[in-house]
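Here are my notes on the model you sent. They run as numbered points, each on one topic.

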Amino acid sequence: QVQLVESGGGLVQAGGSLRLSCAASGRTFSSYAIGWFRQAPGKEREFVATITGSGGTTVYADSVKGRFTISRDNAKNTVHLQMNSLKPEDTAGYYCAANVWNLAHQTGTFYAYWGQGTQVTVSS
């Protein structure tokens, strides 16, 4: 019922910035919590950030607090992840996911719909 497409990944030097976007289909987008997750080769999937449908609640992983900002533009059915002060350990595939129950879960299994991901590579 929900299609998600990530964009904005790429190569960046340590200390630089990237802005990821998650574009979603559906008229009920504003009722979905959207989460960002990442997975590096050989590592488990990791929660990054999530935002409730209205934008009223945001939650961040400790590893990205103060550096990443999640936001949404419901008029355009998009969620953004502004990533500043990037570190090599941020290198991963980044995925957005939708929780139709609008819960700011930090566990990926609670998100029913996933995009295909966008690669972020941070050089040292």
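1. A cavity, as used here, is a set of grid points where a 1.4 Å probe fits but cannot get out. A volume is the space filled by probe spheres set on the points. The model is predicted, so read every value below as computed from predicted coordinates.

2. How many cavities of 30 Å³ or more does the count give? The count comes to one. The largest cavity has a volume of about 50 Å³.

3. Now the fold. The protein chain has 11 strands and zero helices. Its pattern along the sequence is β-β-β-β-β-β-β-β-β-β-β. The radius of gyration is 13 Å, close to the 14 Å that the globule rule gives for 124 residues, so the chain is as compact as a globular protein of that length. Along the principal axes, the C-alpha atoms fill a box of roughly 40 × 25 × 25 Å.

4. Of the 124 residues, 44% count as buried. Take the contacts between residues at least 6 apart in sequence: 58% of these join residues at least 24 apart.

5. Where is the disulfide? The structure holds one. Cys22 is joined to Cys96, with an S to S distance of 2.1 Å. The link is right-handed, with 70° about the S-S bond. Cys22 lies in strand β3 (residues 18-24) and Cys96 in strand β9 (residues 92-99), so the pair ties together parts that are 74 residues apart in sequence. Are these cysteines buried or exposed? Cys22 is buried, and Cys96 is buried too.

6. Strand β3 also holds Arg19. Arg19 has a relative accessible area of 47%, so this residue is partly exposed; the exposed class needs over 50%. Leaving out residues up to four places away in sequence, Arg19 touches Ser7, Gly8, His80, Leu81 and Gln82.

7. Leu11 and Gln119 are 108 residues apart along the chain, and their C-alpha atoms are separated by 8.4 Å. Leu11 lies in strand β2 (residues 10-13). With a relative accessible area of 74%, Leu11 is exposed, because the cut-off for that class is over 50%.

8. Check the backbone at Ser85. Phi there is near 50°, a positive value in a residue other than glycine. Most residues other than glycine have a negative phi. Ser85 lies in the loop between β8 (78-83) and β9. At 41% relative accessibility, Ser85 counts as partly exposed.

9. What does Ser85 touch, not counting residues up to four places away in sequence? Gly15, Gly16 and Ser17 are among the contacts, and Arg67 and Asp90 are the others. Ser85 and Ala14 are 71 residues apart in sequence, with C-alpha atoms 7.0 Å apart in space.

10. Asn102 is found in the loop between β9 and β10 (113-114). At 29% relative accessibility, Asn102 counts as partly exposed.

Terms used
Residues numbered from 1 in each chain as written. Predicted model: local features only at pLDDT ≥ 70, side-chain atom pairs only at ≥ 80, totals over all residues. Heavy atoms only, no water. 1 Å grid on protein atoms, 1.4 Å probe; cavity = no way out; pocket = protein on both sides within 12 Å on 5 of 7 lines; lining within 4 Å. Disulfide = S-S within 2.5 Å. Helix = DSSP H or I, 4+ residues; strand = E, 2+ residues; numbered from the N terminus. Buried < 20%, exposed > 50% of the residue type's maximum accessible area, 1.4 Å probe, protein only. Rg over C-alpha atoms; globule rule 2.2 N^0.38 Å. Contact = heavy atoms within 4.5 Å.
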